[in-house]
Amino acid sequence: MCSSSCLPGGGSNTELALHCLHYCQGNTMATLEMLLFSQSSPTGDYHYSGCDIWTDSEKSIFSAALAAYGKDFSLIEKMVKTKTVRQCVEFYYLVKKLQDKQKKQEEESREAELEPQKRVRMFSKKQSKSLRW
């Protein structure tokens with residue numbers, strides 16, 4: 001569940017989930033409630049990667065800045081205005097990781113769809129070879 005996209009940070013924060021589980025003394029339901037509904041973190045001001053919430057506006061400004069400036073995160077920060085350089089870098093790599101994961105899943109899905117077609121082709125080639133004899 002700690003990897004679920006329904007959690008803050010898109011489920012990219014296993015460390016926070018484990019901390020909450022420890023804080024709740026192993027009670028998984030209390031941990032889940034804390035992760036889903038708690039506004040304050042039991043960790044105080046400690047920052048876990050993946051905890052920052054980005055608005056749609058911030059995301060679109062970030063994308064435009066990334067397209068304009070590449071990975072010059074200090075310039076991106078100046079365009080976004082509401083996030084630090086560290087938050088911009090973290091967001092970039094979280095998005096990249098999610099995109100890479102999605103691309104891999106799409107490739108695996110395409111391969112799974114093509115597998116029956118490959119089998120049919122192999123079977124028909126074997127049949128045509130056996131018919132020649």
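Read from the N terminus, the elements of the protein chain run α-α-α-α-α. This is a predicted model, in which local features need pLDDT of at least 70 and side-chain atom pairs count only at pLDDT 80 or more, while totals for chains, interfaces and linings use all residues. Residues are numbered from 1 along each chain as its sequence is written, and side-chain values use heavy atoms, with hydrogens and water left out.

Q: What makes up the elements of the protein chain?
A: The protein chain has 5 helices and 0 strands. Here helices are DSSP runs (H or I, at least four residues), as are strands (E, at least two), numbered from the N terminus.

Q: Why are helix 1 and helix 2 called oblique to each other?
A: The axes of helix 1 (residues 14-23) and helix 2 (residues 28-37) cross at roughly 130 degrees and come within 8 Å. Such axes are fitted to C-alpha atoms over the stretch in contact, with angles from 0 to 180 degrees between N-to-C directions. Under 35 degrees is roughly parallel, over 145 roughly antiparallel, 65 to 115 roughly perpendicular, and the rest oblique. Helix 1 and helix 2 are therefore oblique.

Q: Which residues of helix 1 and helix 2 meet?
A: Leu16, Ala17, Cys20, Leu21 and Tyr23 of helix 1 meet Thr28, Thr31, Met34 and Leu35 of helix 2, where contact means heavy atoms within 4.5 Å. By class, this contact has 7 nonpolar, 2 polar and no charged residues. (Ala, Val, Leu, Ile, Met, Phe, Trp, Tyr, Cys and Pro count as nonpolar, Asp, Glu, Lys and Arg as charged, the others, Gly among them, as polar.)

Q: Why does Leu35 count as buried?
A: Buried means under 20% relative accessible area, exposed over 50%, and partly exposed in between (1.4 Å probe, protein chains only). Leu35 has 12% relative accessibility, so Leu35 counts as buried. Its place is in helix 2, and its C-alpha lies 7.4 Å from that of Cys20, 15 residues apart in sequence.

Q: How do you know whether Gln25 is buried or exposed?
A: The relative accessibility of Gln25 is 77%, so Gln25 counts as exposed. Gln25 is found in the loop between helix 1 and helix 2, and its phi is near 55 degrees, a positive value in a residue other than glycine.

Q: What makes the contact between helix 3 and helix 4?
A: Helix 3 (residues 56-69) and helix 4 (residues 73-80) pack at an angle of about 145 degrees, with axes 9 Å apart. Glu58, Ile61, Phe62, Ala65, Leu66 and Tyr69 of helix 3 make the contact with Phe73, Leu75, Ile76, Met79 and Val80 of helix 4. By class, the contact has 10 nonpolar, no polar and 1 charged residues.

Q: Why is Lys81 called exposed?
A: Lys81 has a relative accessible area of 72%, so Lys81 is exposed. Lys81 lies in the loop between helix 4 and helix 5 (85-132), with phi near 70 degrees, a positive value in a residue other than glycine.

Q: Why does Val89 count as partly exposed?
A: At 27% relative accessibility, Val89 falls in the class in between, so Val89 counts as partly exposed. Val89 sits in helix 5. The C-alpha atoms of Val89 and Ile76 are separated by 9.4 Å, and these two residues are 13 apart along the chain.

Q: How many of the 133 residues count as buried?
A: Of the 133 residues of the protein chain, 20% count as buried.
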